[in-house]
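Colleague: I would like to learn how to read a structure like this one, feature by feature. Could you take me through it slowly?

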Amino acid sequence: MANTSTRTLRLLSLLQTHRYWPGTELADRLGVSVRTLRRDVDRLRELGYPVEAQRGVDGGYQLAAGAALPPLVIDDDEAVALAVGLHTAAEGAVEGIAEASIRVLAKVAQVMPARLRHRVEALRAMTVPAGWGSPDPAGVDPGVLTTLALACRDSERLRFGYTAADGRRTGREVEPHRLVRLARRWYLVAYDLTRQDWRSFRVDRLTAPEGTGTPFRPRTLPAADAAEFVRAGIGGLPRPYRVTALVDAPAAAVRERIGRWGTVEEVDAGRCRVRMTSDSLDWPTLALGSLGAEFRVLEPAELVDRLRDWAARFDRAVRD
């Protein structure tokens, strides 16, 4: 039987799924008697966890929402996901979120084991965001992502199974270069050793990746960056817009709000030039509108039309 502290953490982990647990099933999971389970539940309540109990033959336990947030128990993959998400929020321009994200990230990093910090830093360093309008995708195992990221960072060859669009499955051995987030999906950009050429692989079609232990000397990618390489290889994706605008605000103030999403060049003390690349014109519209300053679009002409469309809809929204 596990010691009391280990067993209590295991009980907490089960209850944090927020499902209803019959008492006998929960006791069996922990390898204890129903009486010992009751004592463990009382111990969690003393620590501030609001565990609800239902008495009777079908009695059981469920973790409820409380008045305060008690300590949480998370596994390795959840810890990596949490840290990467906090890094993203800390670097963002959403007012009121960045500072809190930095504080939480500092607390998480302080207690995170070295093996997890290793995974987090590899995933951040080896991922190329494709710009505005590329939300974080879902449905990909974080363990697979960190395996790929570590291989990219360490320049180690990879083996994996791959399912093509037509359903044909093949084994691949590659020299991984970068991970790219684009159009709600993850892609691995790598040099395919079998086909002797560069390829981009959809990560959701990739199975059982593992490092071979064989290092390699990185090759020169035949594109400006990994995101451009993926775009060029995928038919049907919108080509990115190149946006340039002149903003009547100091460069430092504009850079603080939207500098992560583009480049900000000072024109003079009160004006700056903003350049950004986006798959959608809505994101630059939102970014420029959030500055609270006058601006003029220099390119593209389509953005001017989009602004007129937004302006007309906003005008209709405020009419009596």
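Modeller: Let us begin with strands: β1 and strand β3 (residues 60–63) run antiparallel and are joined by two bridges, where strands (E, at least two residues) and helices (H or I, at least four) are DSSP runs numbered from the N terminus, and two strands pair if DSSP finds at least two bridges between them. This is a predicted model, in which local features need pLDDT of at least 70 and side-chain atom pairs count only at pLDDT 80 or more, while totals for chains, interfaces and linings use all residues. Residues are numbered from 1 along each chain as its sequence is written, and side-chain values use heavy atoms, leaving out hydrogens and water.

Colleague: In which order do the strands of the sheet lie?

Modeller: Strands of a sheet pair through backbone hydrogen bonds, either parallel or antiparallel. Here three strands form an open sheet in the order β1-β3-β2, with antiparallel pairing; β1 (21–22) and β2 (51–54) are the edge strands, each pairing on one side only. Helix α3 (residues 34–46) packs on this sheet and touches β2 and β3, its direction making about 145 degrees with that of β2; contact means heavy atoms within 4.5 Å, and the angle, on a scale from 0 to 180 degrees, lies between N-to-C directions of axes fitted to C-alpha atoms, for helices over the stretch in contact. Within the pairing, proline 22 has glycine 60 of β3 as its bridge partner.

Colleague: Which residues of helix α2 are buried?

Modeller: An α-helix has 3.6 residues a turn, so residues three or four places apart point the same way. In α2 (residues 23–30), Gly23, Leu26, Ala27 and Leu30 are buried, buried meaning under 20% relative accessible area, exposed over 50%, and partly exposed in between (1.4 Å probe, protein chains only). Seen down the axis of α2, these buried residues fall within an arc of 100 degrees, so they line one face of the helix; the arc is that of the directions from the helix axis to the C-beta atoms. Thr24 and Asp28, on the other side of α2, are exposed.

Colleague: How should I read the confidence, and where is it lowest?

Modeller: pLDDT is the predictor's confidence in each residue, from 0 to 100. The protein has a mean pLDDT of 80, and 77% of its residues reach 70 or more. Confidence is lowest in helix α5 (residues 98–111), at a mean of 58, and highest in strand β13 (residues 295–299), at 95.
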